[in-house]
Amino acid sequence: MSDGERVSDHSTDAFGSADTEDRSTQSTGQWGAWMRQASGFTYRTLRDVSRSWTVLAIAIGLPPVMYLLVTATREFDPTTKGLFAGGIAVLGAMIASLTVFGSQLAVDLETDRFVAYRSMGVYPSADFAGRVAAGVVVAALALCFGLGVSVIDGVPVDISGALPVAVSIAAFLGLSVVFMAVAVPVVVAANNEQYAQFALSLIAVFGFMLTGYNGMLMEAAILDGSTSGLLPNVLATRTMTAQLITTERVASAGSAGGSSRLAPLFVYSLGAAAFGVLLTRWQLYNRGVRR
Amino acid sequence: MSQPALVAENLGKSFGEEVVFSGIDLTVDPGEIVVLLGPNGTGKSVLASCLAGGLVPSEGTVEISGEPPAAKHGMTSFLLQDALCLDRLTGRENIAFYRRLNPSFTDRWRTLVETFGIADALDDRVAQYSGGMRRKLELTIALSVEAPLYILDEPTAALDLTMVSEVHHQLSTLRDQGKAVLTTTHLPMDADIADRIVFMTESGVVTTGAPADIKSAVPPVIETTIGNAEAIAEKVIDERLFRGEGVVRGLLDSEVEPAEADEISEVRVTDPSYADVFNYYAHLKS
């Protein structure tokens, strides 16, 4: 563990006069404090999630299992299979973003831990940013795992070009931030880890189904194409698919011009980040409520 | 005279229509331990949260060293019972989290985990801890923060008597260093360390003062064996008897002379303990 957090053999009284005992060991600058708080939330969330098999199974395991079940029971042409693989890999990232961010937020809410955070002067933006960073890490794992499974199943994925990878990463980050901001009001309304996990997973799955597997197979969509095309999960999935999946005729399926979708996605993610910080401040760090 | 560490005036807190408390005035001076004593469910934890800056009071004001609570880091160390630690993390990881969160966190935790006897369990997950071990870990976190004011919500709950004494020693050490300490409790034994007791019931603060003054305001106690309870039932306030270790005790009715009660067979009249003070204010006075 960092910071030398090993139990020493100090035998003096806890409040003894030794310099190392009385001195505050932390950086006192505002920016330093913000960074430490954000990293604290990131580190704690990752530790916590790594030991939560239910969150890991849902976030990382469920989409590839869905992919394998569908592709094993239905015949797809290579283009459709590639598009479906892209859609379901992004579904993994969506579920991971929502559940990883949301599950620990729900635990903190359930135990009134925000009362303690407020008394310590925790920065709401550091709280939000730290949890988002952890969610991004797990969502990236989920995305990579989903794509990895489809590669093993024969879907051609190309990550050799720096620009396509950079564009895909930007699309992925935008998508993750949007979905984590969405998680805040849902968790506050649920106020229970199990309910929150269930509701957040449903949001991801409904988003996936309503938009025709994240805009990949529009014939399966419930929403019309023009509406779906504006949604962040569709924008991000089409961007990533166009950049990474090299199946022929991807362009004809609506994934052409992937990088042009980054602009609206960027606007979405900026808005979501601001929305998330404000919600965190109003819903979780508002000291007038018992949370 | 130095500035009070904590000043609360006309403090009230409601959640919707539910009034938790109202009209509470409270001060804590540097180098003073104030024990907020009262039965469960009287709003002590909510009051502590308001004082620490975890909740905003519905009415009244709180100032810590002349500023609003939680206006900046390091003003207060707040122990909120059963709320600090995450079950799936180890004790060490929980400490590391609060070390990052609170810029006023010090290395004291290294000594405190030894003192509280949880050093060997630091790498176990908190889910495996007993209630007492969790409390010791929370105390370690709260007492590792360098602050002029410590607000501790039920710090001795779930601890054995030896550890209660150790916590009392730690709080006394803080007081000797000029720190202000406010601790809530429903355990009369915690009054042992008080410089001042504030007794809180559902009606609000019913009395406050130095321990000796609080005790002297309580009527004498009449005690007898459990089998002899009927002999004193009519001599005590509200005919209410409280069980002790193999005895029953009651607070002498003002119309009964102590000498008269003392003459009853197997009965003795004695000074009130803190448990009697607790029973008097919690169950009789209110």
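## A three-stranded sheet in chain B

In chain B, three strands make an open sheet, ordered β2-β1-β4, with antiparallel pairing. Strands here are DSSP runs of E, at least two residues long, and helices are runs of H or I of at least four; both are numbered from the N terminus. Two strands pair if DSSP finds at least two bridges between them. β2 (18-28) and β4 (59-64) of chain B stand at the edges. Each has a single partner strand, so one side of each lacks a neighbour in the sheet. From one strand to the next, the twist averages 25°.

Strand β1 (residues 6-15) of chain B joins β4(B) through five bridges, in the antiparallel sense. Gly12(B) has Glu59(B) in β4(B) as its bridge partner. Helix α1 (residues 44-52) of chain B packs on this sheet and touches β1, β2 and β4 of chain B. Its direction makes about 125° with that of β1(B). Such angles run from 0 to 180 degrees between N-to-C directions; axes are lines fitted to C-alpha atoms, for helices over the stretch in contact.

## Model and numbering

This is a predicted model: local features need pLDDT of at least 70, side-chain atom pairs count only at pLDDT 80 or more, and totals for chains, interfaces and linings use all residues. Residues are numbered from 1 along each chain as its sequence is written, while chains are lettered from A and ligands numbered from 1 in the order in which they are written.

## A four-stranded sheet in chain B

Another open sheet of chain B has four strands in the order β11-β12-β10-β13, and its pairing is antiparallel. β11 (242-243) and β13 (267-270) of chain B are the edge strands. Each has a single partner, so one side of each is left without a neighbour in the sheet.

β11(B) pairs with strand β12 (residues 247-251) of chain B over two bridges, in the antiparallel sense. Phe242(B) stands opposite Arg249(B) in β12(B). Helix α9 (residues 274-284) of chain B lies across β10 (221-225), β11 and β12 of chain B. α9 runs at about 60° to β12(B).

## A helix pair in chain A

In chain A, the axes of helix α3 (residues 53-73) and helix α4 (residues 78-110) come within 8 Å and cross at roughly 165°. The two helices are therefore roughly antiparallel to each other (the term covers angles over 145 degrees).

Residues count as in contact if their C-beta atoms, placed from the backbone, lie within 7 Å. On the α3(A) side, the contact residues include Val55(A), Ile58(A) and Tyr67(A). On the α4(A) side, they include Lys81(A), Ile88(A) and Ser103(A).

Technical notes
Parallel < 35°, antiparallel > 145°, perpendicular 65-115°, else oblique. Contact = placed C-beta atoms within 7 Å.
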